[in-house]
Amino acid sequence: MVKFSCEKIDLVFAEIAKTAALYIPSNDKNNKAVFTKWQKGTKLCDSHNTQIGPKDLFFPQTEDLMAFKASNKKIEIIDTRKESEDFVIFGVRACDVKSLEILDRVFLSEPRDSYYAMRREHGIIISLACTRPSEACFCTTFGIAPSEPGADISVWKINNEFFWQANTKRGEELLLKIEHFTTPAEPSEVEGEKQRISVLMKRLPLANLSTNGFGKGKTNELFEREEWAKLSEACLGCGTCTFVCPTCQCYDIKDFNTGNGVIRYRCWDSCMYSDFTKMAHGNNRNTRKERFRQRFMHKLVYFPENNNGLFGCVGCGRCISKCPVSMNIVKVMKKLGGNV
Amino acid sequence: MNIYEEALIPKIGVVTDIRIDTPDIKTFRVVTPDGKKAFEHQPGQCAMLSIPGVGEAMFSITSSPTNKDFMEFSIKKCGCVTEWLHSLELGQEITIRGPYGKPFPVDTDFSGKSLLFIAGGVGLAPLRSVINYCRHYRDRYGKIDIVYGSRSKEDLLDYKEIVEEWANDNGVNVYLTIDNPQKEWDGHVGFVPNYVKELNFDRDKIAVLCGPPIMIKFTLDALQALGFDKKQIYTTLELRMKCGIGKCGRCNVGAKYVCKDGPVFRCDELSELPDEY
């Protein structure tokens with residue numbers, strides 16, 4: 001473990017940015033934190049979590065998959081994939097670190113998604129222990145410790161110092177690059193902060209939310225519950241929850257005719273949309289209730305069923321603060337799980 | 001750059017034959033530009049076909065894996081991609097990727113058993129692959145019964161092959177039916193589920209169903225009324241798909257993805273899933 005004083009953070013960022021694109025949470029013009037490509041003058045915002053997680057740095061909202069040229073009856077397929085550049089993301093919270101593990105289960109399972117895999121191999125993740133969790137946070141429900149954020153390097157900000165702990169070989173190599181800014185530190189120096197964060201988490205409004213009643217094998221018990229009708233009534237089907245969700249990964253594949261060929265691209269999609277499952281012979285989820293139920297059943301039952309009990313939610317709270325009608329996974333869990 | 005194989009990037013296929021089967025179904029023969037089969041498959045598996053600029057869609061491979069020369073797809077005109085396919089000319093290139101999905105257990109559960117195939121309309125397309133596979137390895141299976149129904153005589157898919165080849169095989173019985181009487185039809189008239197009941201099959205066999213959801217539902221009831229257990233009945237599902245490899249989320253039902261855990265399901269497995277397919 002190493003440490004350095006907070007004034008040096010821009011120097012450290014500059015050093016990292018010499019060899020890799022660096023993304024840090026920074027306030028945009030609306031004062032909302034977003035992962036921003038660092039350049040001289042980009043100010044770190046470490047007080048609250050970003051509007052959306054780092055999902056799009058690995059799984060962009062839209063990306064080209066391939067291109068085609070067609071002439072007469074012939075088609076040429078053009079592999080447009082490019083080697084990803086090396087990049088570093090700083091300031092990823094424990095919930096978002098966990099979200100990447102969930103995305104990995106989808107995209108890195110065979111057959112691997114090469115677009116995602118390439119970015120995962122080239123991206124180094126520097127996490128950041130939460131200093132001020134929001135009222136909507138409930139990561140501890142899913143066994144996530146915001147005081148132990150993990151990834152390649154774990155970072156704690158304590159008073160006027162940053163403490164960096166490498167967890168992987170890539171993390172160690174990165175620490176070597178910035179060693180002239182750092183001095184050695186002892187893990188014991190962050191113990192107090194870890195304790196402070198743990199206490200803070202226990203005081204949050206959703207601290208007692210439990211996953212009891214959810215998980216693998218609960219499909220039959222939960223699917224026909226009558227509460228779904230009431231819960232889904234308010235839903236507008238806008239899909240905001242899926243777009244801000246760090247673990248939602250449903251996608252669409254579409255073709256775009258450029259006039260000079262065709263680009264096949266992929267873009268985020270949402271199971272909340274009425275045409276998501278619509279096909280020529282009908283739609284197997286015709287009602288809002290069915291679509292609403294699918295999203296939560298997937299995160300709380302189906303995903304754990306396929307992934308040794310790992311839930312498809314990390315409790316980041318973004319869907320809670322962003323839903324225009326204040327419907328969210330916590331309300332679903334409280335209603336169907338019967339906990340407070 | 002080709003560090004990894006990428007499942008989403010297709011191969012080129014050439015349409016070398018187009019057979020007009022019914023007023024809205026055509027069967028397309030596809031090979032690679034150098035005249036080979038695009039890939040090997042198992043009975044019941046599917047492939048993604050596309051026309052760049054129009055879109056990509058999943059189709060069952062109707063030809064048997066024992067055909068080593070080419071693949072065939074029987075496709076009903078019902079949407080953007082299928083309309084385009086129906087308008088294409090011989091020699092047109094398309095893209096193809098696959099094979100996708102879990103096949104019928106032809107070499108395990110089906111082995112040594114008598115088989116009852118029941119299809120409705122274009123639902124014969126996925127079953128033709130397994131029927132022809134079982135006909136090819138005839139000695140591996142017991143008696144084969146085929147019940148096939150359609151709206152009219154003109155809507156019967158593979159009619160020539162059924163009448164001239166299947167019906168003449170030893171130990172193969174074909175029962176055709178159409179929904180409404182027609183002048184030039186002296187065969188059975190009526191819906192498939194009722195016909196299955198009338199035929200009163202012994203339940204010492206495995207049944208394989210494919211057709212419109214409503215036909216599957218009532219035929220399942222008919223088979224159970226004849227004493228069949230859900231464990232003896234297989235079907236193949238169709239849901240909207242984009243990736244074909246269990247990632248895009250579209251064909252998710254319960255903890256299953258129809259593209260990779262299906263499309264073939266045994267009916268007792270299907271009853272475990274939420275009723276959303």
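In strand S7 of chain A, A:Ile126 is the bridge partner of A:Phe90. The pairing to which these residues belong, between S6(A) and S7(A), is parallel and comprises 5 bridges. The coordinates are those of a predicted model. Strand S6 of chain A, residues 87–92, is mostly covered, with 5 of its 6 residues buried. S6(A) also pairs with strand S2 of chain A (residues 21–27), again in the parallel sense, over 3 bridges. In that pairing, A:Phe87 of S6(A) stands opposite A:Ala21.

A:Thr131 is located in the loop that runs between strand S7 (123–127) and strand S8 (153–158) of chain A. A:Thr131 has 16 other C-beta atoms within 10 Å and is therefore classed as partly exposed, since a residue counts as buried at 20 or more such atoms and as exposed at 12 or fewer. When residues up to four places away in sequence are left out, A:Thr131 touches A:Asp46, A:Ser47 and A:Lys157.

An open sheet of 4 strands is also found in chain A, with antiparallel pairing and the order S5-S4-S12-S11. Its edges are formed by strand S5 (74–78) and strand S11 (251–257) of chain A, each of which pairs on one side only. From one strand to the next, the twist averages 25°. Within this sheet, strand S4 of chain A (residues 62–71) runs antiparallel to S5(A), and the two are joined by 5 bridges. A:Lys69 is placed opposite A:Glu76 of S5(A).

The domain assignment divides chain A into domain 1, covering 2–59 + 73–202, and domain 2, covering 219–337. A distance of 26 Å separates the C-alpha centres of domain 1 and domain 2 of chain A. The contact between them involves 21 residues of domain 1 of chain A and 17 residues of domain 2 of chain A. On the domain 1 side, the greatest contribution comes from helix H3 of chain A (residues 94–107), which supplies 8 residues. By class, the residues on this side of domain 1 of chain A are 12 nonpolar, 5 polar and 4 charged.

Chain A also meets chain B, in a contact that takes 45 residues from chain A and 36 residues from chain B. The side of chain A that touches chain B consists of 21 nonpolar, 9 polar and 15 charged residues. For the complex, the predictor gives an ipTM of 0.91 and a pTM of 0.93.

Confidence was also examined by chain and by element. Chain A has a mean pLDDT of 95, with 99% of its residues at 70 or more. For chain B, the mean pLDDT is 95, and 99% of its residues reach 70 or more. Among the elements of chain A, the lowest mean pLDDT, 88, belongs to strand S14 (residues 282–283), and the highest, 98, to strand S9 (residues 161–166).

Methods: Residues are numbered from 1 along each chain as its sequence is written. Chains are lettered from A and ligands numbered from 1 in the order in which they are written. This is a predicted model: local features need pLDDT of at least 70, side-chain atom pairs count only at pLDDT 80 or more; totals for chains, interfaces and linings use all residues. Two residues are in contact if their C-beta atoms, placed from the backbone, lie within 7 Å. Ala, Val, Leu, Ile, Met, Phe, Trp, Tyr, Cys and Pro count as nonpolar, Asp, Glu, Lys and Arg as charged, and the others, Gly among them, as polar. Two strands pair if DSSP finds at least two bridges between them. Axes are lines fitted to C-alpha atoms, for helices over the stretch in contact, and angles run from 0 to 180 degrees between N-to-C directions. Domain bounds come from an automatic or database domain assignment. pLDDT is the predictor's confidence in each residue, from 0 to 100.
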